[in-house]
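We will take the stops one at a time.

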Amino acid sequence: MKVSPDIFEDTETAYQTKTDGNLYKAKTMFQLMGNNGLVSLGSSLATLALSLHLPVSSLFRWTVYNHFCGGETFAECKKTIQVLGKSNVGVLLNYGVELKETEEDFDKTIAKNLEALEFAGKNKSVKALCVKLTGFGRLALFEKIQQGDKLTPEEKKEFTAFRKRFEKLCDVASKNEVALYVDAEESWIQNPLDELVEEMMAKHNKKNCIVFNTFQMYRWDRLDYLEEQMKKAKDGNYILGAKLVRGAYMEKERERAKEMGYPSPIHKNKKAVDKDFDEAVNLCLDNLESLFVCIASQSEESNLLAIQQIDKKKIERTSERIIFSQLYGMGDNITFNLAKLGLTATKYLPYGPVKDVIPYLIRRAQENTSVSGQTSREFQLIKKEIKRRKAD
Ligand SMILES: Cc1cc2nc3c(=O)[nH]c(=O)nc-3n(C[C@H](O)[C@H](O)[C@H](O)COP(=O)(O)OP(=O)(O)OC[C@H]3O[C@@H](n4cnc5c(N)ncnc54)[C@H](O)[C@@H]3O)c2cc1C
């Protein structure tokens, strides 16, 4: 059946798992997040409260945490996962603790992720584990490698330890048959990380697609990179795992490029990013025999275009090779309506101790003020559903 262009207006489907109480709370939260000044004040206060070890966890938990995260433990996550599963929505699990700096922290983060792989292996609704490689090794070390600087013997040891952590993670993911999605980060550390992920794909993606790399389409060089990776996978006889995103570090990237006097790696405008993103989706859909693609976007236009292309190319909507994803707590109108069409729809679901996930939550709040229209769109949709329920 032809997909309706107003598919994402169906709020009854979008909020089927939300109680009236959930909706009223979410409405207030998005209303507050629409205020730039308030978000910036709230972010500073939260950072201060954290550094002073003030007991703000319950406040966070009751507000933003419950809206954007799965829970502090696997038992709590399980409930969230079950609720989503009932609507055929899967999960991309993410241990939301970020930016650690010591070897001890990295070992702890790996241990947590290994536990997550065991959990995911037993839970069919968990479609993948998402990881950031800066959770297992130092950002400054990766930057030094990318710059081509000579490493000290200690740094060489450090890189070997990082590599071993990631290799172990891939081995366990493979053993448990759980996909591992590697997030893309800042362009100035990405090259050595891409190389390593590529190596792991060649090793683990012979029969199944276990390891996925992320392609940030706001970079003007990524469409070529995607094509190059597709060719390498074909020549090397392994399956390419491609998670497509627009990219989360635009301001930071542009500022650094300006400060250091090199050309910005980011497209000049959003239109060019949108064009590359949609082209990348198309390219992947045309090559499904040799890759798996995760379309990770909250753009209604890009998601609609992807469905239309899938139908036009006569690809089965249920193909396990195409996975859609939006962040938990956002874009429900997209996720739940995709699931209703039989597509593989998922939520990116962070979990972990409230105090450790706060930096992730601050980013979500800030992103909601900077991504033009996103907050007001969420707000309008929730308002529409409240009105619909009242009229029922
Ligand atoms: C499941 C999931 C996984 C993700 N994983 C990653 C990841 O690994 N790495 C990562 O970097 N991000 C990741 N993101 C975030 C993603 O990159 C985007 O920041 C976010 O999803 C917003 O883009 P969009 O496609 O959803 O929607 P849209 O609202 O259509 O696009 C907003 C995005 O467009 C780009 N943009 C906006 N204005 C301009 C401009 N003037 N010039 C150039 N570009 C512009 C920016 O990338 C901005 O974030 C992920 C997102 C999801 C949903």
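**Stop one: a helix pair**

Helix 10 and helix 12 cross in a right-handed manner. To see this, select residues 222–236 for helix 10 and residues 270–285 for helix 12. Keep in mind that you are looking at a predicted model. The two helices pack at an angle of about 15 degrees, and their axes are 10 Å apart. Angles under 35 degrees count as roughly parallel, so helix 10 and helix 12 are roughly parallel to each other.

Now show side chains at the contact. Helix 10 contributes Arg222, Leu223 and Leu226, while helix 12 brings Asp276, Glu279, Ala280 and Leu283. Sorted by class, this contact of helix 10 with helix 12 holds 4 nonpolar and 3 charged residues, with no polar ones.

**Stop two: another helix pair**

Next, select residues 139–147, which form helix 7, and residues 187–204, which form helix 9. How do helix 7 and helix 9 lie, roughly parallel or roughly perpendicular? Their packing angle is about 80 degrees, with the axes 8 Å apart, which makes helix 7 roughly perpendicular to helix 9.

From helix 7, pick Leu139, Phe142, Glu143, Ile145 and Gln146; from helix 9, pick Trp188, Ile189, Asn191, Pro192 and Leu193. These residues make the contact, and by class it has 7 nonpolar, 2 polar and 1 charged residues.

**Stop three: the barrel**

You will find 8 strands closing into a barrel in the order 1-2-3-4-5-6-7-8, with parallel pairing. From one strand to the next, the twist averages 30 degrees.

For a close-up, select strand 4 (residues 211–216) and strand 5 (residues 240–245), which run parallel and are joined by 4 bridges. Asn213 stands opposite Ala242 in strand 5.

Then bring back helix 5, residues 74–86, which packs on the sheet. Helix 5 touches strand 1 (89–95), strand 2 (126–131) and strand 8 (344–351), and its direction makes about 155 degrees with that of strand 1.

**Stop four: around the ligand**

Finally, centre on the ligand. How many residues surround the ligand? There are 26, and the closest are Asp183, Ala296, Ser297, Gln298 and Ser299. Strand 4, helix 12 and strand 7 (322–327) are the elements that each give two or more residues to this shell. Strand 7 gives the most, with 3 residues. Colour the shell by class to finish: 12 of its residues are nonpolar, 11 polar and 3 charged.

How values were computed. Residues numbered from 1 in each chain as written. Predicted model: local features only at pLDDT ≥ 70, side-chain atom pairs only at ≥ 80, totals over all residues. Pairing = 2+ DSSP bridges. Axes fitted to C-alpha atoms, helices over the stretch in contact; angles between N-to-C directions. Contact = placed C-beta atoms within 7 Å. Near = placed C-beta within 6 Å. Nonpolar A, V, L, I, M, F, W, Y, C, P; charged D, E, K, R; others polar. Parallel < 35°, antiparallel > 145°, perpendicular 65-115°, else oblique. Left-handed = near helix turned anticlockwise from the far one by under 90°.
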